[in-house]
Amino acid sequence: MKFFERAFQVGYPEVDAFKRVKLSQLIEWCTTVYYGFGEQVGIDEAYLQRVGGNWIVDEAAAEFTAYPRYHDRILVRGSVESYNRFFVYWQFEILNDEQQLLGTIQLAMSLLDLKTRKLVMIPTELGAAFEAEKSDHIKRFAKTELEGLSTEPNFEVTPRFSVLDYNGHVFNGHYYDWWQDSLPLDFLQTHIPHTITVRFEEEIRAQETVGIFLKQINETSVHAVKGKNLKAVATINWQLDEVN
């Protein structure tokens with residue numbers, strides 16, 4: 001199985017108010033890695049245009065034992081574990097400059113036809129380029145239970161130009177910003193994510209107002225993004241930040 005890695009340094013624009021890398025920034029770096037990997041093996045922009053699709057994230061799961069901070073040098077290493085007719089399963093390792101594992105991020109991804117807004121079947125040659133196993137198995141991520149979720153949104157967002165990506169919808173990293181924004185600042189000061197599970201249900205287009213909903217019980221927060229329909233859900237289990 002092939003892998004692709006890229007080094008990053010956590011600079012001032014990438015950190016939050018407590019000098020920790022933004023969660024959304026880690027997602028952006030994973031995005032940089034999977035596009036870079038694609039370019040290396042011939043699954044580049046020209047190829048994606050030829051098959052009529054572009055990458056989208058359907059589900060995500062992450063686990064962190066430590067968290068990158070201001071000035072840290074990290075390595076993001078990505079590989080494709082397996083794929084089936086409609087999903088490609090990516091695995092990312094977040095390592096420090098001593099090659100110690102800080103965390104992992106898993107993404108279930110698809111190809112979206114940017115004209116029809118429907119999924120494109122995954123070509124066998126795409127999986128072969130990444131040296132991924134072909135399987136009929138659909139990987140199951142942990143589900144988010146929405147029972148007890150607030151009936152009124154914590155706040156509302158109307159997405160505009162700056163949060164849209166090439167797919168013409170809100171880039172998935174911004175959802176993580178919204179979920180963290182819904183939590184109290186003093187809680188975020190003393191806690192960092194331990195495990196995260198996310199499911200994206202429906203894309204958000206420009207000027208489509210959505211509500212950000214929250215349920216928090218101790219060190220577990222449950223989140224939802226809703227417009228006319230459910231857009232995305234997440235469960236985040238938090239751990240005390242031993243550094244701050």
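Is Arg199 buried, partly exposed or exposed? I looked it up: at 38% relative accessibility, Arg199 counts as partly exposed (buried is under 20% relative accessible area, exposed over 50%, partly exposed in between, with a 1.4 Å probe and protein chains only).

A note on my source: this is a predicted model, where local features need pLDDT of at least 70 and side-chain atom pairs count only at pLDDT 80 or more, while totals for chains, interfaces and linings use all residues. Residues are numbered from 1 along each chain as its sequence is written, and side-chain values use heavy atoms, with hydrogens and water left out.

Next I looked for the partner of Arg199. I found Glu59, joined to Arg199 by a salt bridge of 3.3 Å, N to O (a side-chain nitrogen of Lys or Arg within 4 Å of a carboxyl oxygen of Asp or Glu). Glu59 sits in strand E2 and Arg199 in strand E9, so the pair ties together parts that are 140 residues apart in sequence (strands, E, are DSSP runs of at least two residues, numbered from the N terminus). Glu59 itself is buried, at 13%.

I then checked Glu81, which pairs with Lys139 in a salt bridge at 3.5 Å between the closest N and O atoms. Both are partly exposed: Glu81 at 32% and Lys139 at 24%.

How many salt bridges does the whole structure hold? My search gave 12. I also noted a network of salt bridges that links Asp16, Arg20, Arg69 and Asp241.

Last, I visited Trp90 in strand E4. Trp90 is buried, with a relative accessible area of 1%. Beyond its neighbours within four places in sequence, its contacts (heavy atoms within 4.5 Å) include Tyr34, Trp55 and Phe130.

Key. Helices (H or I, at least four residues) and strands (E, at least two) are DSSP runs, numbered from the N terminus.
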